[in-house]
Amino acid sequence: MVESITVKAPCSTANLGPGFDVFGLALDAYYDQIQLKKEGSGIKIQSLDSVPIEPEKNTAGLVVKEMAKKFKIKTGLVLKIKKGVPTGYGMGSSAASAAAAAVAFDALFKLKLDGNSLVQYAGMGEMASAGSVHYDNVAASVLGGFVIVRTSPFSVITVDPPKDLILCVAIPKIHVPQKKTEVSRKVLPKQVKLLDHVKNLSNAAALTAGFVKKDVDLIGNSINDIIVEPARKHLIPGFDKVKNNALDAGAMGVTISGAGPSVIAFTSIHGDPKKILNSMKKGFAAANTECITIICKPSMGAAVI
Ligand code: HSE
C-alpha cells in the first residue's frame, strides 16, 4: 500500500497581458515540492520554509483539507512543503504548492481525477493567499504549458507552447505586502470601456492563435494589455522604464507577471535574452531597485517524482 507521495509543481506566469484570470503559462524557473504522507490523525504541515502551518491558512493545507472532506478520508495526513518558488512576486508561488497538493492527494488515494477537477481543487488553495479563487496559475502548474481557463462552463484548454519561446523574468527585490494578490486586485477597475475590452479581446484572441500556430512573433506582439497593466504598474518601481528598455533590447512583448511585481519579457531563440534582462535590470536600477533575473522556458505540469 502506498503511504507517501512526492510531487513537484512548476511556477507560472498568469495573464500574459490581455488574458487576466484566463491565461497561464508554466515556467521551468522554480518548483515547489510536496510530500503527502498517511500518518497520525488530522492534517499536519511541516516545512523548513516560512509558510503558515495551520492547514486553513496554508494554500496546500487548504487543498488537502477540502479534498479529504470531499472524499471522506479519515486517515491522518502529514504534508511536507519545500518551497522553491519565491512567494509574493507574481510567479504563481501559492498556486505551485496548491497544484502539487492536489496532484499528490489524487495520486496517494488513487482517485484518477481528470485535469479540470484537479485544477478546481487546486484553485481552492488560492483562497488562502489571494482571498478569491482564480485558476490561471493553478491550471498552468497542474497541467503545464499554456492554459486557457474558461469559467462558464468550467474547463481548462491546454496548448503546447512553441519550443523556441523564451521568457525573461525580472523579479524586483522590493517589500511585498502580505496577501499581495488581494492588494493588487483591489486596484483594478470594476468596469471597463467597451472599446478597451475590444482591444484586449483582440490581443487575447491573437495570442491564443499564436500558441496554437506556434508562432512566437504573434505571441510576443499580442502581449498588450490596456486594462489591468495601467491600473497596477504604479505598484512596480520603474515599470515603464523596465518595459521600454526591454522592448528597445528586442523583446517582442513585455508585461507584469501575474499580479506582479515581477516583469516578464517574451523573446525567442533568435532574440538576445541576456541583453533584454540587462536592460530590465538597468530600468529597475534607475528606480533604485535591485532585481533577480531569470531566463526560462515553458514547463511541463506537476508530476509525481
Ligand atoms: N490573474 C491573477 C491576477 C493572478 O492577476 O490577480 C494572480 O496570481
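Predicted model: local features only at pLDDT ≥ 70, side-chain atom pairs only at ≥ 80, totals over all residues.
## Two domains

Domain bounds here come from an automatic or database domain assignment. For this protein chain, that assignment gives domain 1 (4-160) and domain 2 (165-296). The centres of the two domains, taken over C-alpha atoms, are 24 Å apart.

Residues are numbered from 1 along each chain as its sequence is written, and side-chain values use heavy atoms, with hydrogens and water left out.

## The interface

Domain 1 brings 30 residues into contact (heavy atoms within 4.5 Å) with 40 residues of domain 2. Together the domains bury about 2500 Å², counted as the accessible area (1.4 Å probe) that two parts lose on being put together, summed over both. Carbon and sulfur atoms carry 65% of that area. In domain 1, Pro-18, Phe-20 and Tyr-89 lose the most area to domain 2, together 24% of what that side buries.

## Salt bridge and contributing elements

The interface holds 1 salt bridge, defined as a side-chain nitrogen of Lys or Arg within 4 Å of a carboxyl oxygen of Asp or Glu. Have a look at Arg-185 and Asp-21, whose side chains meet in a salt bridge at 2.6 Å, N to O.

On the side of domain 1 that touches domain 2, strand 1 (4-14), strand 2 (23-38), helix 3 (115-130) and strand 5 (146-151) each supply at least two residues. Helices (H or I, at least four residues) and strands (E, at least two) are DSSP runs, numbered from the N terminus. Strand 2 gives the most to this side, with 6 residues.
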